[in-house]
Amino acid sequence: MSKKGSSAVFLCSNCGTDYPKWYGQCPSCKEWGTLAEYKVKKGKRSGQSISVADPTRLKDIAKSSHHNRIKSNIKEMDRVLGGGLLPGSLVLLGGNPGIGKSTLALQIVGKVKESALYISAEESDAQIAMRAERLKVDSDKLMLSGENQIEGIIQLIEQQSPTIIIIDSIQTVYSDMIDSLPGSVGQIRESGQQLLQICKEKGVTIILIGHVTKEGIIAGPRMLEHMVDTVLYLEGDDRYNHRILRSVKNRFGATNEVGIFQMQSNGLIEIENPSELFLKERSLDVAGSAIFPSLEGTRPILVEVQALVSNASFGTPQRNVNGFDLRRLSMLIAVLEKRIKVPMGAKDTFVNLVGGLKIDDPAADLSVIGAVASSALDKSISNDVVLIGEVGLAGEVRSVSQLEKRLKESESLGFTTAIIPKYGIKNKTGLVSKIKLQKIDSVRQAFDLLFP
Ligand SMILES: Nc1ncnc2c1ncn2[C@@H]1O[C@H](COP(=O)(O)OP(=O)(O)OP(=O)(O)O)[C@@H](O)[C@H]1O
Ligand SMILES: [Mg+2]
Ligand SMILES: [Zn+2]
């Protein structure tokens, strides 16, 4: 387009694709009503002759190996990242307002040995300094700035050459090139792109802080998630005042690791033994509770599965679940009804994984079906038992991954009996010695042991 002044583009707030004309439905992601107009001013970037960078020989590119990761020295954080922050990576840290994003970011730059630049247009320098004092961050390698125009931020990065840059938050950054308010899709996209460019050019690490909307997605286009290398979410759970750091995307590491913290006056404190925390307030001798040794990435965490089954008051029975897949729950309820003959048709069923963990692991099936049956039958499961196993449609129990790790954690937390799949473990390995293993190959067998 060669019109003078500024040009208009229509941008989808869902997927970030732009179009020269307006559509009611985005042709790319098929969402309705997500296209909005924004104007790009003709700046220095258009109409220039482009310079092409020389390609690099693969052999000459330094391998982004384990060794040059920047350790945040916060163990829970480094594990979620896959060993630390990679130079030249763009990280998005999302979370609800007030959850502790700024706190975590400041703790990271307070602990790294490298120089850092903390850009905050959300809070004054004095506010940040106060928080830094509370968190005992007194790094002399840390610079603060309130700059919120992207061109200014890029200039600061060029001048100061910090190793790590925090942008708190991406929603407050704007570019003069774009004719819309900070926080709008166009602004976030433009700033994101400029930051991505300098991140890759200079090999600096940039952490973008982003607010999450009520619906649980980062406000602004989803394409910010596509643009960055790593997406981390900080989530909270009221019950224990703890925070879960989860990676939902990671180009340089696994995505199933979680980091667990507790918010205290001196910042986010790492929880070394989350099982202990999660089981601290567990319900004893109550029908509808079962313990599952979950595996979050490489780490075992014991969680309490709670179920409540009650007569449906009217119409279709309700099924609700927190931290587990609803369709999987429906399947387990069908197995319970068909194979074990527990009537579930006119019952409301609620399942909750205590502590805010989200479990996407078939090994949890047996504990879920156990908790549901326990509530339906109004018989409690013995307090010192853990349940592990995948449940199939025929009511069979199948083997699961990393059984030894799960058993070892259960044993160390004082559980004395584990009901496990028959074919999961060849011999009692040297790892677990005290816990009694009851091997079963069907839900019925498990229930004979649980509810004699
Ligand atoms: N003096 C204090 N003692 C204990 N906890 C505090 C103290 N001050 C703040 N907090 C905790 O820190 C939280 C705010 O953390 P932080 O500002 O890092 O969150 P944020 O995610 O950056 O929020 P925002 O969305 O407002 O930027 C508060 O909700 C509170 O729980
Ligand atoms: Mg903040
Ligand atoms: Zn779209």
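The following exercises, each with a worked solution, concern the predicted model shown above.

Residues are numbered from 1 along each chain as its sequence is written, while chains are lettered from A and ligands numbered from 1 in the order in which they are written. Because the model is predicted, local features need pLDDT of at least 70 and side-chain atom pairs count only at pLDDT 80 or more, whereas totals for chains, interfaces and linings use all residues.

**Exercise 1. Describe the chain as a whole: its extent, its secondary structure and its domains.**

Step 1. The C-alpha trace spans about 80 × 50 × 45 Å along its principal axes.

Step 2. The chain has 11 helices and 21 strands; helices (H or I, at least four residues) and strands (E, at least two) are DSSP runs, numbered from the N terminus.

Step 3. The domain assignment gives domain 1 (6-41), domain 2 (68-272) and domain 3 (277-450); such bounds come from an automatic or database assignment. Between the C-alpha centres of domain 1 and domain 3 the distance is 47 Å.

**Exercise 2. Determine whether Arg-79 is buried or exposed, and find its contacts.**

Step 1. Locate the residue: Arg-79 lies in helix α1 (residues 75-81).

Step 2. Apply the criterion: a residue is buried if 20 or more other C-beta atoms lie within 10 Å of its own, exposed if 12 or fewer, and partly exposed in between, with C-beta atoms placed from the backbone. Arg-79 counts as buried because it has 22 C-beta neighbours inside 10 Å.

Step 3. Two residues are in contact if their C-beta atoms, placed from the backbone, lie within 7 Å. Leaving aside neighbours within four places in sequence, Arg-79 is in contact with Glu-257 and Gly-259.

Step 4. Arg-79 and Val-258 are 179 residues apart in sequence, yet 7.8 Å apart in space, C-alpha to C-alpha.

**Exercise 3. Compare the span of helix α9 with the expected value, and state how many of its residues are buried.**

Step 1. The expected span of a helix is 1.5 Å times one less than its number of residues.

Step 2. Helix α9 (residues 365-377) has 13 residues and reaches 18 Å from its first C-alpha to its last, close to the 18 Å expected.

Step 3. Of the 13 residues of α9, 12 are buried, among them Leu-366, Val-368 and Ile-369.

Step 4. Just after α9, Asp-378 takes a positive phi of about 55°.

**Exercise 4. Characterise the shell around ligand 1.**

Step 1. The shell has 13 residues, of which the closest are Pro-97, Lys-101, Ser-102, Thr-103 and Ser-265; a residue is near a molecule if its C-beta atom, placed from the backbone, lies within 6 Å of it.

Step 2. The largest share, 3 residues, comes from helix α2 (residues 101-111).

Step 3. By class, the shell has 3 nonpolar, 7 polar and 3 charged residues. Here Ala, Val, Leu, Ile, Met, Phe, Trp, Tyr, Cys and Pro count as nonpolar, Asp, Glu, Lys and Arg as charged, and the others, Gly among them, as polar.
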